[in-house]
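Subject: Structure handover

Hello,

Here is the structure I promised you.

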Amino acid sequence: MVSLPRSPATNLLRLLFLGLSTLASPSQAQLELHVPAGLTKLKAVEGAEVVLPVWYTLQGQVSSSQTWELLTVMWFLEQEGKDLNQVLAYISRTTTSKPRVSLVYSMPSHNVSLRLQGLREKDSGSYRCSVNVQDHQGINRSHSSKTLELSVLVPPAPPSCRLLGVARVGTNVTLSCQSPRSKPAAQYQWERAPPSAQVFFAPVLDAIRGSLSLTNLSSSMSGVYICKAHNEVGSAQCNVTLEVSTGPGPAVVAGAVVGTLVGLGLLAGLVLLYHRRSKALEEPANDIKEDAIAPPTLPWPKGSDTISKNGTLSSVTSARALRQPQGPPRPGALTPTPSLSSQVRPSPRLLRTDGAHPQPTSPSPGGVSSSTLSRMGAVPVMVPAQSQAGSLV
């Protein structure tokens, strides 16, 4: 066999093809991320831990010892209405992350799964994993990303039970139950505790709003009613005690109280009015008339006794003592002298002891009649008189 000589152009084309083939081998390596089937949407309970599983492969890779493979791994959290949030980054063999976030395996590794600890409701959202492969010169060779959905569920918080209405025989009441926090929304179930155990259903029970309607109450319906709030990750409960009363309602009691208060108010007003009217009638009777004329003073009757205004016997004077004794006075004899020491006004009425008719009083030795002395405030003094024989009468 004879070989034909090759032209220089043919040799040049052959060298170019071999060179391109050599350069094309690593560039054909493609990176692909993998997520287990059925785990693209995850659910976890608040407070627990979850792993978002992701790993990658390189298609067309000849040997795992290739020196051009350099990884860049980044995890992002996407939430509706919020900016893109980076939660972890592995760049140039250095890892940085948010609190409670870490990689499951140490890098470099083909498994780039993300671990979240101490889950909170705000951790819910879409987590996107982005992996980039570079050669030793820093040239990007391949890139891929995957997204996983995470929903953090919250068990129902302890609900609040209330009684709406007045629990009396024949009335209607509603038992209300509501949990302040739950994801997904809680469902409610009411039941009556033993010994009279009973489970309620629609239409008296509203499982969405948590209300139980009890109509035409009777005493036998008294007891403890329990409400259970539940969702797919937990439950909580509360209870309320129903006591059906047979007495008057609060409206009747309130009316009786108001009526009593009004009656007491009217009674107090009548007493006050009567008191003021009595006081007004007494005041004119106690008024002193300054222009009133003093009653006339009656003359002293013969042999009468006079009692002072203050009710004490001031003096008893005989009409005979007011007369001037006959004959010249004896030495040592007492002369009647009117006393002005007491300023007591005489009483308009005189008590007569002997029943004799009143006679005009003879003037006193000093020339002043007894009636004048009486008007001046003098008090009659009884003075013993002497008889003609010289003895005291």
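Buried here means under 20% relative accessible area. With a relative accessible area of 0%, cysteine 129 is therefore buried. Please keep in mind that this is a predicted model.

**Disulfides**

How many disulfides are there? The count comes to two. As a reminder, a disulfide is a covalent bond between the sulfur atoms of two cysteines.

Take cysteine 161 and cysteine 238 to begin with. They form a disulfide, with their sulfur atoms 1.8 Å apart. This pair links distant parts of the chain. Cysteine 161 sits in strand β12 (residues 160-164). Cysteine 238 sits in strand β19 (residues 234-242).

A disulfide joins cysteine 177 to cysteine 227, at 2.1 Å from S to S. This pair also links distant parts of the chain. Cysteine 177 belongs to strand β13 (residues 173-178). Cysteine 227 belongs to strand β18 (residues 223-231). They lie 50 residues apart. The angle about the S-S bond is -85°, and the link of cysteine 177 and cysteine 227 is left-handed. Cysteine 177 has 0% relative accessibility, so it counts as buried. Cysteine 227 is likewise at 0% and buried.

What pattern do the disulfides follow? Counting bonded cysteines along the chain, the pattern is 1-4, 2-3.

**Salt bridges**

How many salt bridges are there? The count comes to eight. Here are some of them.

Glutamate 232 and lysine 43 meet through their side chains in a salt bridge, at 3.9 Å from N to O. This pair links distant parts of the chain, 189 residues apart. Glutamate 232 is in the loop between β18 and β19. Lysine 43 is in strand β2 (residues 41-45). Are the two partners buried or exposed? Glutamate 232 has 52% relative accessibility and counts as exposed. Lysine 43 is exposed as well, at 58%.

The side chains of glutamate 49 and arginine 115 also meet in a salt bridge, at 3.3 Å from N to O. Glutamate 49 lies in the loop between β2 and β3 (50-52), and arginine 115 lies in strand β9 (residues 114-116), so the pair ties together parts that are 66 residues apart in sequence. Glutamate 49 counts as partly exposed, at 45% relative accessibility. Arginine 115 is partly exposed, with a relative accessible area of 22%.

Arginine 209 forms a salt bridge with aspartate 206. Their closest N and O atoms are 3.9 Å apart. Arginine 209 counts as exposed, at 63% relative accessibility. Aspartate 206 is partly exposed, at 25%.

Which residues are linked in a network of salt bridges? Glu46, Glu121 and Arg181 are linked in this way.

Best wishes

How values were computed. Residues numbered from 1 in each chain as written. Predicted model: local features only at pLDDT ≥ 70, side-chain atom pairs only at ≥ 80, totals over all residues. Heavy atoms only, no water. Disulfide = S-S within 2.5 Å. Helix = DSSP H or I, 4+ residues; strand = E, 2+ residues; numbered from the N terminus. Buried < 20%, exposed > 50% of the residue type's maximum accessible area, 1.4 Å probe, protein only. Salt bridge = Lys/Arg side-chain N within 4 Å of Asp/Glu carboxyl O.
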